[in-house]
Amino acid sequence: MTAVILRVLAVLVLLAAAAKIGIEYSSLSWPRTEGTVASSGWSREGLLGAGVKGKYLVRYEFSVNGKRYVSDRLSFAGNESIALVLRTFDGLDSNVERSPRPDDVVAVHYAPWLPSLSVLTPGPSPTAWIWGVVALLVAICLVAFAQLSKHPVY
């Protein structure tokens with residue numbers, strides 16, 4: 001019974017990693033709409049040391065098929081702060097790539113099957129491959145332990 005549970009767990013680990021990586025890569029082909037930035041800025045919460053910028057937080061609103069959505073995901077990479085700004089808050093610039101500011105109109109890429117899943121900068125995280133490697137190594141270990149549980153080594 002333990003061997004079966006370990007093998008099922010190995011498959012689930014691989015499926016979870018594949019789903020994460022697949023969603024990140026699929027964001028490159030998601031439909032795009034316009035959204036408005038409600039708030040943005042740098043957060044230094046939980047950071048130690050001087051000279052550390054922190055994390056850029058953004059909150060934006062957009063509509064898909066007449067339904068309004070609110071999101072805060074800039075990209076799948078955790079350290080991004082740049083997005084495509086279609087029109088700036090002051091109306092002086094258009095189609096610039098910079099950190100979004102309140103009242104900017106931005107390009108929002110959303111998942112067609114779940115519009116609440118959205119990003120301003122589509123594409124996978126630069127570390128997506130690491131999740132795949134870690135999931136593969138964990139799955140190999142789980143299958144090895146499953147084999148050992150059936151035939152213990154004394």
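Reader: How many bridges join strand 4 to strand 6, and do they run parallel or antiparallel?

Author: General idea: two strands pair if DSSP finds at least two bridges between them. Here, strand 4 and strand 6 are joined by two bridges and run antiparallel. Within that pairing, Val85 sits opposite Val106 in strand 6. Before we go on, this is a predicted model, where local features need pLDDT of at least 70, side-chain atom pairs count only at pLDDT 80 or more, and totals for chains, interfaces and linings use all residues. Residues are numbered from 1 along each chain as its sequence is written, and side-chain values use heavy atoms, with hydrogens and water left out.

Reader: Which other strands does strand 6 pair with?

Author: Strand 1 (residues 32-43) runs antiparallel to strand 6, with five bridges joining them; Glu34, for instance, has Ala107 as its bridge partner. Strand 7 (residues 114-119) also pairs with strand 6 in the antiparallel sense, over three bridges. In that pair, Ala111 stands opposite Leu114, and a hairpin of two residues links the two strands.

Reader: Is strand 6 mostly covered or mostly open?

Author: Look at relative accessible area: under 20% is buried, over 50% is exposed, and partly exposed is in between (1.4 Å probe, protein chains only). Strand 6 (residues 105-111) is mostly covered, with seven of its seven residues buried. Val105, Ala107, His109 and Ala111 point one way, while Val106, Val108 and Tyr110 point the other way, and all are buried. For the chain, 32% of its 154 residues count as buried.

Reader: What share of the chain's contacts join residues at least 24 apart?

Author: Counting contacts between residues at least 6 apart in sequence, 55% join residues at least 24 apart.

Reader: Which residue in the turn between strand 2 and strand 3 has a positive phi?

Author: That's Asn65, with a phi of about 55 degrees, in a hairpin that has two residues between its strands. Strand 2 (residues 55-64) and strand 3 (residues 67-71) pair in the antiparallel sense over five bridges, and Val64 has Lys67 as its bridge partner.

Reader: Last one: what is the radius of gyration of the chain, and what would a compact globule have?

Author: The radius of gyration is taken over C-alpha atoms, and the globule rule is 2.2 Å times the number of residues to the power 0.38. A compact globule of 154 residues would come out near 15 Å, but this chain has 21 Å. Along the principal axes, the C-alpha atoms fill a box of roughly 75 × 45 × 20 Å.

Methods
Contact means heavy atoms within 4.5 Å. Helices (H or I, at least four residues) and strands (E, at least two) are DSSP runs, numbered from the N terminus.
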